[in-house]
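Try each task before reading its solution.

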Amino acid sequence: MYFHLRAVPPSALRNSANWLQRLFEDDWTTVRRRIDRHREEFLYRHHPDHHLLYAGAPPHRTEDGPPSDVVLGGSPVPHPEPDHPPFLLLPAARAAQVAAFLATADITDLWHRAREELLPHYGGAPAEDQTRTLFESTHHDLTAFYARTAEYGDAVVKCVL
């Protein structure tokens with residue numbers, strides 16, 4: 001299971017479940033080129049954990065705003081197949097706010113705040129260095145993706161595949 005984030009020009013964006021589904025049907029070579037240009041990003045199975053890194057966990061969870069928009073933020077659009085999670089649409093203005101947040105976010109602070117919640121999912125304290133490196137790498141990728149998205153004035157569409 002992958003969690004895809006894709007930059008889309010606002011003029012091309014459609015609020016149609018079928019259009020959104022087709023948006024994510026490209027072959028791996030095409031997807032890889034967009035990833036290399038920071039026009040698309042994906043997270044492996046652990047997207048809820050990446051959301052936790054930015055948005056926090058109760059009682060310190062960020063309810064609205066850029067931290068909660070990084071991964072799971074956006075307006076839901078039902079998937080054409082009822083057993084699939086909805087697509088998420090993040091308008092260009094909110095994507096730009098996420099880019100600004102990520103540009104100034106301190107990954108060390110984010111890690112220390114979420115560390116206790118995240119480590120048990122990845123092997124505990126013995127795996128901390130490897131786990132932290134994974135989250136730091138993903139943070140850098142998401143920062144580059146949102147920076148390029150904001151530079152182009154694009155919206156973001158998100159999908160679980």
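**Exercise 1. Charges and overall build**

Task: Find how far apart the mean positions of the positive and negative charges of the protein are, then describe the fold as a whole.

Solution. Please keep in mind that this is a predicted model.
- Step 1: The protein carries 16 positive and 22 negative charges, and their mean positions lie 6 Å apart.
- Step 2: Next, take the secondary structure, which consists of 7 helices and 5 strands. Read from the N terminus, their order is β-α-α-β-α-α-β-β-α-α-α-β.
- Step 3: With a radius of gyration of 15 Å, close to the 15 Å from the globule rule for 161 residues, the protein is as compact as a globular protein of that length.
- Step 4: Along the principal axes, the C-alpha atoms fill a box of roughly 45 × 35 × 30 Å.
- Step 5: Now look at cover and surface. Of the 161 residues, 46% count as buried. The protein exposes about 8400 Å², with 52% of that area supplied by carbon and sulfur atoms.
- Step 6: Finally, consider the contacts with a separation of 6 or more: 70% of them join residues 24 or more positions apart.

**Exercise 2. A histidine in a loop**

Task: Decide whether histidine 79 is buried or exposed, and work out what surrounds it.

Solution. 
- Step 1: Locate histidine 79 in the loop between strand S3 (75–77) and strand S4 (87–90).
- Step 2: The relative accessible area of histidine 79 is 11%. The cut-off for buried is under 20%, so histidine 79 is buried.
- Step 3: Leaving out neighbours within four places in sequence, the contacts of histidine 79 are Ala17, Gln21, His84, Pro85, Pro86 and Phe87.
- Step 4: A polar atom of the histidine 79 side chain also lies 3.0 Å from the backbone nitrogen of glutamate 81.

**Exercise 3. A covered helix**

Solution. 
- Step 1: The buried residues are His47, Asp49, His50, His51, Leu52, Leu53, Tyr54 and Ala55.
- Step 2: Just after H3 comes glycine 56, which has a positive phi of about 85°.
- Step 3: Histidine 50, in helix H3, has a relative accessibility of 4% and counts as buried.

**Exercise 4. An arginine and a leucine**

Task: Determine where arginine 34 and leucine 13 lie, and which residues each is in contact with.

Solution. 
- Step 1: Arginine 34 is part of helix H2 (residues 28–36). Its relative accessibility is 9%, so arginine 34 counts as buried.
- Step 2: Outside the four places on either side, arginine 34 touches Arg6, Asp26, Arg39 and Glu40.
- Step 3: Arginine 34 and phenylalanine 145 are 111 residues apart in sequence, with 10.0 Å between their C-alpha atoms.
- Step 4: Leucine 13 lies in the loop between strand S1 (3–8) and helix H1 (17–23). With a relative accessible area of 25%, leucine 13 is partly exposed.
- Step 5: Setting aside neighbours within four places, leucine 13 is in contact with Val8, Trp19, Leu89, Ala155 and Val157.
- Step 6: From leucine 13 to threonine 138 the C-alpha distance is 26 Å, across 125 residues of sequence.

Conventions: Residues are numbered from 1 along each chain as its sequence is written. This is a predicted model: local features need pLDDT of at least 70, side-chain atom pairs count only at pLDDT 80 or more; totals for chains, interfaces and linings use all residues. Side-chain values use heavy atoms; hydrogens and water are left out. Helices (H or I, at least four residues) and strands (E, at least two) are DSSP runs, numbered from the N terminus. The radius of gyration is taken over C-alpha atoms; the globule rule is 2.2 Å times the number of residues to the power 0.38. Buried means under 20% relative accessible area, exposed over 50%, partly exposed in between (1.4 Å probe, protein chains only). Contact means heavy atoms within 4.5 Å. Accessible areas come from the Shrake-Rupley method with a 1.4 Å probe; for residues, only the protein chains shown count as cover. Lys and Arg count as positive and Asp and Glu as negative; His and the chain ends are not counted. The place of a charge is taken as NZ of Lys, CZ of Arg, CG of Asp or CD of Glu. A polar contact is a pair of N or O atoms within 3.5 Å; within protein, one must be able to donate a hydrogen and the other to accept it, and residues adjacent in sequence count only if both atoms are side-chain atoms.
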